[in-house]
Amino acid sequence: MAKIISVCNQKGGVGKTTTCVNLSAFMAHFGKKTLVVDLDPQANATSGLGIDKKALNFSVYNVLLGEVPIKEAVLPTALENLKLIPSSLSLIGAEVELQKSEGQQHCLKNLLNNVLQDFDFIFVDLPPSLGVLTVNGLTAAHSVIIPVQCEYYALEGLSQLLITIEKIKQAFNPDLAIEGVLLTMADFRTTLCHEVINEARQYFKDNVYQTVIPRSVRLSEAPGFGKPILLYDPNSNGAIKYAELCQEVMTRNGFSGAGLPVTENKL
Ligand code: ATP
Ligand code: MG
């Protein structure tokens with residue numbers, strides 16, 4: 001049964017999609033059957049995994065509306081163990097459409113139930129908002145990864161996110177957990193960066209991953225080539241750090257080594 005992890009922060013441009021794409025790619029590389037669900041109308045995870053969104057005649061939008069069965073919407077990627085349910089701009093319309101239906105918050109969860117057996121991990125890339133798509137992503141998830149950019153105001157707005165997570169727990173998903181807080185785009189030469197890291201560790205304690213993702217030109221170039229960093233430049237610092245993050249996520253979930261389960265899978 002897959003563990004569903006949503007990648008969420010209503011602040012824009014903090015590294016949600018970069019984390020979703022690259023963490024998923026390493027999961028697949030380490031042998032885990034992995035699915036990325038692109039739940040952002042910007043469809044950055046879709047193009048970042050090399051899928052031309054303009055060439056698709058369906059997306060997660062059609063799946064949410066019940067027009068396409070979820071299993072038919074699962075696309076292959078360049079990595080054998082990595083699959084994608086793509087997004088498209090039409091997903092903007094889902095906000096309106098979903099609001100018409102009863103139990104709209106559970107829509108994604110109910111759909112993902114049909115593919116839980118097919119994967120070890122499902123990562124959901126969420127948009128920078130707290131609208132109905134994000135509510136769906138958080139209602140469907142077992143846990144949430146929160147990327148935080150090592151910048152001014154990084155921790156501002158997180159209290160709003162934590163309140164939202166608490167509300168979702170109370171209303172729709174009592175078991176929703178914080179999988180981890182990930183510090184991203186770190187420039188270790190600056191004092192500010194170290195201040196943000198210290199502050200985040202003080203506040204979120206062990207929930208903060210040991211791995212901190214550095215600012216890396218290679219990481220920002222890779223989506224332009226439709227490739228995760230693992231395929232674009234596996235020896236770059238960004239690749240090494242996302243591989244380390246992947247190991248950390250696996251260890252926290254009872255796996256170790258190159259993705260081999262050492263203890264019974266507790267997912
Ligand atoms: P949105 O809120 O718009 O969905 P996001 O939170 O998904 O944004 P990304 O798209 O992952 O953020 O990253 C924002 C921009 O920063 C992108 O251009 C991405 O390539 C770049 N970026 C992300 N992580 C890094 C990094 N570690 N080093 C350098 N550039 C990065
Ligand atoms: Mg994004």
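**Note on the sheet and its helices**

1. Phe123 is buried, with a relative accessible area of 0%. In this predicted model, Phe123 belongs to strand E5, which spans residues 121-125. Beyond the residues up to four places away in sequence, Phe123 touches Ile5, Cys20, Leu23, Ser24, Met27, Thr34, Leu35, Val36, Val37 and Ile145. Arg215 lies 92 residues from Phe123 along the chain, and the C-alpha atoms of the two are separated by 22 Å.

2. The strand order should be read next. Seven strands form an open sheet in the order E3-E4-E2-E5-E1-E6-E7, and the pairing is mixed. The edges are taken by strand E3 (75-76) and E7, each of which has a single partner strand, so one side of each is left without a neighbour in the sheet.

3. Is it enclosed by the rest of the structure or left open? Seven of the seven residues of E6 (residues 143-149) are buried, so the strand is largely enclosed by the rest of the structure. In a regular strand, side chains alternate between the two faces of the sheet. In E6, Ser143, Ile145, Pro147 and Gln149 point one way, whereas Val144, Ile146 and Val148 point the other way, and all are buried.

4. Both neighbours of E6 run parallel to it. Strand E1 (residues 3-7) is joined to E6 by three bridges, with Ser6 having Val144 as its bridge partner in E6. Between E6 and E7 the chain passes through helix H7 (residues 158-171), in a β-α-β crossover that is right-handed.

5. Helix H7 also packs against helix H6 (residues 132-140), at an angle of about 60° and with the axes 10 Å apart. H6 and H7 are therefore oblique to each other, and their crossing is right-handed. The contact involves Val135, Leu138 and Thr139 of H6 together with Thr164, Ile165 and Ile168 of H7.

6. Asn173 sits in the loop between H7 and E7. Is this residue buried or exposed? Asn173 is buried, with a relative accessible area of 8%. Apart from its neighbours within four places in sequence, Asn173 is in contact with Leu138, Thr139, Ala140, Ala141 and Ile168. Of these, Leu138 and Thr139 of H6 and Ile168 of H7 also take part in the contact between the two helices. Asn173 and Val148 are 25 residues apart in sequence, and their C-alpha atoms are 23 Å apart in space.

7. A further helix pair is formed by helix H1 (residues 16-29) and helix H11 (residues 237-252), which pack at an angle of about 70° with their axes 9 Å apart. That angle makes H1 roughly perpendicular to H11. From H1, Thr18, Thr19, Asn22, Leu23, Phe26 and Met27 meet Ala239, Tyr242, Ala243, Leu245, Cys246, Val249 and Met250 of H11. Leu23 and Met27 are also among the residues that Phe123 touches.

How values were computed: Residues are numbered from 1 along each chain as its sequence is written. Chains are lettered from A and ligands numbered from 1 in the order in which they are written. This is a predicted model: local features need pLDDT of at least 70, side-chain atom pairs count only at pLDDT 80 or more; totals for chains, interfaces and linings use all residues. Side-chain values use heavy atoms; hydrogens and water are left out. Buried means under 20% relative accessible area, exposed over 50%, partly exposed in between (1.4 Å probe, protein chains only). Helices (H or I, at least four residues) and strands (E, at least two) are DSSP runs, numbered from the N terminus. Two strands pair if DSSP finds at least two bridges between them. A crossover is right-handed if, with the strands pointing away from the viewer, the path from the first strand over the helix to the second runs clockwise. Axes are lines fitted to C-alpha atoms, for helices over the stretch in contact, and angles run from 0 to 180 degrees between N-to-C directions. Angles under 35 degrees count as roughly parallel, over 145 as roughly antiparallel, 65 to 115 as roughly perpendicular and the rest as oblique. A crossing is left-handed if the near helix is turned anticlockwise from the far one by less than a right angle, and right-handed if clockwise. Contact means heavy atoms within 4.5 Å.
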